[in-house]
Amino acid sequence: MAEQKVELFARRLDRGVQQAVHSNSAAGTEKRYTVLGTDYSAPDDLRRLAGQIRQHAIEHLDTYLEQAEQSLKRQGAHVHYAVTAEDACRAVSDILQKAGAKKVVKSKSMISEEIHLNDHLGSVGIESVETDLGEYIIQIDGDHPSHIVKPIIHKNRRDIAKSFEREGLGDYNDDPETITRRARVFMRDKYLQADAGITGANFVSAETGRLVLVTNEGNSRFCLAAPKIHIALVGIEKVIPSDAELAVLLNLLGRSATGQQLTVYTEFINGPARTDRPSGPQEMHVIFVDNERSQILASDCREILRCIRCGACLNVCPVYRQASGHAYRSVYPGPVGAVLSPLLAGKNFKQLADLPKASSLCGACNEVCPVDIPIPDLLLKLRNRGHEEHAPSPGTPPMGAFAKLASSPMLWRFAMKSNKVMNLVPLEKLPLPYLQPWLKTRTLPEWRGGEFRSWMKDRRKK
Amino acid sequence: MTHSPSRPNGRTVQLMATCLCDAFFDDVAKATVEVLEHAGCEVEFPENQTCCGQPAFNCGDWPASREVMRHTTRVFEGDKPVIVPSGSCAAMLFHGAPLEFEKEKDLPTVQKLANRTWELADFLVNGLGIEKWPGRFPARIAFHRACHTRGTGSGEAALKLLQSIDGLEVIPFGEAEQCCGFGGTFSVSFPHVSSSMGCLKLEHMTASNPDFIVSGDMSCLMHLGGLADRGGQPVKTLHFVQILQSALHRHG
Amino acid sequence: MSTAREQIFSSVRAALAPLPERTARPVFSKDVAEPHWLAAEADSLALFQKRAEATGTKCFTDMESCAAWLRSQGVRTVYIPAPLTRLAALCSEFSEVTSEYTRARVNEIDAAFTPAAGAIAESGSIILSDESTPDRLAALAPWHHIALVSRAEIHRTIADALAAMPDDPNLIWVTGPSKTADVEGILIQGVHGPGAQACLIL
């Protein structure tokens, strides 16, 4: 029988990688739980409030996006729009080429992964260097991030030391501190030579046009300290009403992502350098990217647009912990990815329609989500859509016969009793394709169909 | 997952035994009847009941699931509380069904059933107001809060009753929030991932050698028990209602 | 052909038009996300010091001890911008004290003093603005950064700081030294920014 792709990937995954992903994710879950528990008596109330804030924002995106654009322009930023991933890539290279820029430094941004920006810039002869330590290692290895917040959760220090040696960053040394220092020295020159810095944005305040960026390493700050051009790639859903909402959202983002009250650097960008404040980039460009988001907004899964990319749902997810991020064959892994990736695939939905099935629907993702996204409900809706569109789903039993049986009480009672025959045959030998995967690692209890019903009948007679 | 705030809590109740108890775990269904009767309830068992439709719902075949759910709404007509000794089947009635009927004309019928549905422990504690359970059950148990009761009062309710039983000790274990790996048809379409999750759960739950592994959901227990059995290290599993029933028997 | 902007706005409007109702903007009090332990902290200065130390920012209240710490760290070259020359007088023992910060010397300056635009007690964060810290690199590139925080400019909460954000092209809240846990989840300080973050409260 054909196998689910996530299952196949997980089954073949190196045990060491799986254990690293598991322990790192479990530690993340624990830290988040501790910090929220220490700081708040009712963290769930706060999560629900944050969920309402984000839901309100996306349901008023028409208003807030326009307001954000005006505020950004007022502050002196150039505002661009990109409908597709290709449009977004082209918008970036157009700005760079117009300015004669040849070298850029990039701060970690999921949307730049989503649109495959580095490949595009490479193809037009622009050097683009990822500056986040994890993302840089991903880049030199030609790899893909396997976690939203911890991109190299699947790599160990020996892998990294080998990559650094190969790239000429010194002799083999797998001490994490040495690795970090070498990256520090290497990046310094890159920052100082770069013509432009590219970042994402965690939030954009419609009222003030402030673009908010959070990092721990300080690389985004460097991207905005040395180069003369700043380009921010922003998904249209990142807009929030005003700065006041940040009190709720920032307090939940850091705690959910890394167990920190706030990340080390929380940056509020409000336009390019001014004559009396000349330190920052002289040009600021904000590119609002749709790339299927408006279609998601039109769907009954629009709640996923609340997501603030904290990665808490990945950390807590038992399937992610077994399968790791690459099993999801897309930029966004884990529970959020299982919803977002097939939706972002647009017309190619069916190619990723298996992802929503890779879940036991345990609901832990919803329980930790800082914006209370009902992820299990969305997974179920997408399973229904996959069924409607006849997306292939190996290993999923057809349900027509079950529905007939479970809607006919006489048939049901007969089946309950007659199935007792199962106790007499070696189940492992039965040619039942949906029973064998169960029996390989599990036994079934004795069939006792009808026993309770007759007990209940006797009891009534007494 | 949240529940309707005002559910009926009368003492004449309808039991939805669930298909797993119908097929495998008659002792759990019997215990449920005895425990409810001890709590002063008259238990009705609508004979035509089958399944909550969850397998088809989880597979994405919502039309098939709705067919089953429509049958279920007819079987459980009326205003009495509907009691389910399974977190996941109860959640199917009060949460899953309204979701799959969101765009259907008969949503109100389904919602009405949803608003009458109680998971067993939730009903005993939050419906009937029982705070303490009589009797004695000298054992150390590891209690798995079944995933489908997240966000409801069920997990805490079951724990409250268990912890009030004389001689019973509930022991903590690691990664308590984690799933047992069952997930319905997930267990057969993702057998490796599902079994790995289950083995990890077993490892945590058996770490301090409990006498029993306990939950409010037979599906979790069937999975964990089946894994342990196949792995050659069988564990004893009990639905919490079986403990409530045994405690009563030892009460005299 | 319509522009990308028009296309996006028309898809967004089309997506939202069928909604029977839209989620209202939640009303919440400014203190809604304050940690519950905050109420017991009467003194904002003491709270700032406590939170700053907890997140890895060293706090000094006099220049002498700050200079002594820098010396113990092996600091030789110190940048002190012109408005702070009175502090430079206390730094005579370093091999070089300069008020010039240029790109050519980015890797030569061991420690930099820059004035902060404020601080946040709740989180122990230092606030830098382009007005207060005219050179972003100076506060970022040296291994040691010491922000000068005025007692009068310590905001009690994150919400207070958000409500009082000045008009500036850039504000940054710095909460501890630059750090990463990318390699096997092991915490390493000093990735791109300062490996040692301090503040001098005046």
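Colleague: Hi! Which domains is chain A divided into?

Modeller: Chain A has domain 1, covering 42-291, and domain 2, covering 403-461. Keep in mind that this is a predicted model.

Colleague: And how far apart do the C-alpha centres of those two domains of chain A lie?

Modeller: The C-alpha centres of domain 1 and domain 2 of chain A are 56 Å apart.

Colleague: Okay, what does the model score for ipTM and pTM?

Modeller: Its ipTM is 0.97 and its pTM is 0.97.

Colleague: What pLDDT does chain C average?

Modeller: Chain C averages 94, with 100% of its residues scoring at least 70.

Colleague: Switching to the chains together: which pair has the most contacts?

Modeller: That would be chains A and C, out of the two pairs of chains that touch. Chains B and C, on the other hand, do not touch, and their nearest C-alpha atoms are 13 Å apart.

Colleague: Let's stay with A and C, then. How many residues of each are in contact?

Modeller: On the chain C side there are 61 residues, in contact with 74 residues of chain A. Helix 1 (4-16), helix 5 (158-163), strand 9 (170-174) and strand 10 (179-180) of chain C each supply at least two residues of the side that touches chain A.

Colleague: Which of those gives the largest share?

Modeller: Helix 1 of chain C does, with 11 residues.

Colleague: How do the residues on that side of chain C divide into nonpolar, polar and charged?

Modeller: The side of chain C that touches chain A has 31 nonpolar, 16 polar and 14 charged residues.

Colleague: Back to helix 1 of chain C. How does its axis cross that of helix 4 of chain A?

Modeller: The axis of helix 4 (residues 61-74) of chain A comes within 9 Å of the axis of helix 1 of chain C, and they cross at roughly 150°. Helix 4 of chain A is therefore roughly antiparallel to helix 1 of chain C.

Colleague: Nice. Which residues make the contact?

Modeller: Helix 4 of chain A brings A:L61, A:D62 and A:L65, while helix 1 of chain C brings C:F9, C:V12, C:R13 and C:L16. By class, this contact has five nonpolar residues, two charged residues and no polar ones.

Colleague: What about the strands: how many bridges join strand 9 of chain A to strand 9 of chain C?

Modeller: Five, and the two strands run antiparallel, with strand 9 of chain A spanning residues 265-269.

Colleague: And which residue is the bridge partner of A:E267?

Modeller: A:E267 is partnered by C:I172, in strand 9 of chain C.

Conventions. Residues numbered from 1 in each chain as written. Chains lettered and ligands numbered in written order. Predicted model: local features only at pLDDT ≥ 70, side-chain atom pairs only at ≥ 80, totals over all residues. pLDDT = per-residue confidence, 0-100. Contact = placed C-beta atoms within 7 Å. Helix = DSSP H or I, 4+ residues; strand = E, 2+ residues; numbered from the N terminus. Nonpolar A, V, L, I, M, F, W, Y, C, P; charged D, E, K, R; others polar. Pairing = 2+ DSSP bridges. Domains from an automatic or database assignment. Axes fitted to C-alpha atoms, helices over the stretch in contact; angles between N-to-C directions. Parallel < 35°, antiparallel > 145°, perpendicular 65-115°, else oblique.
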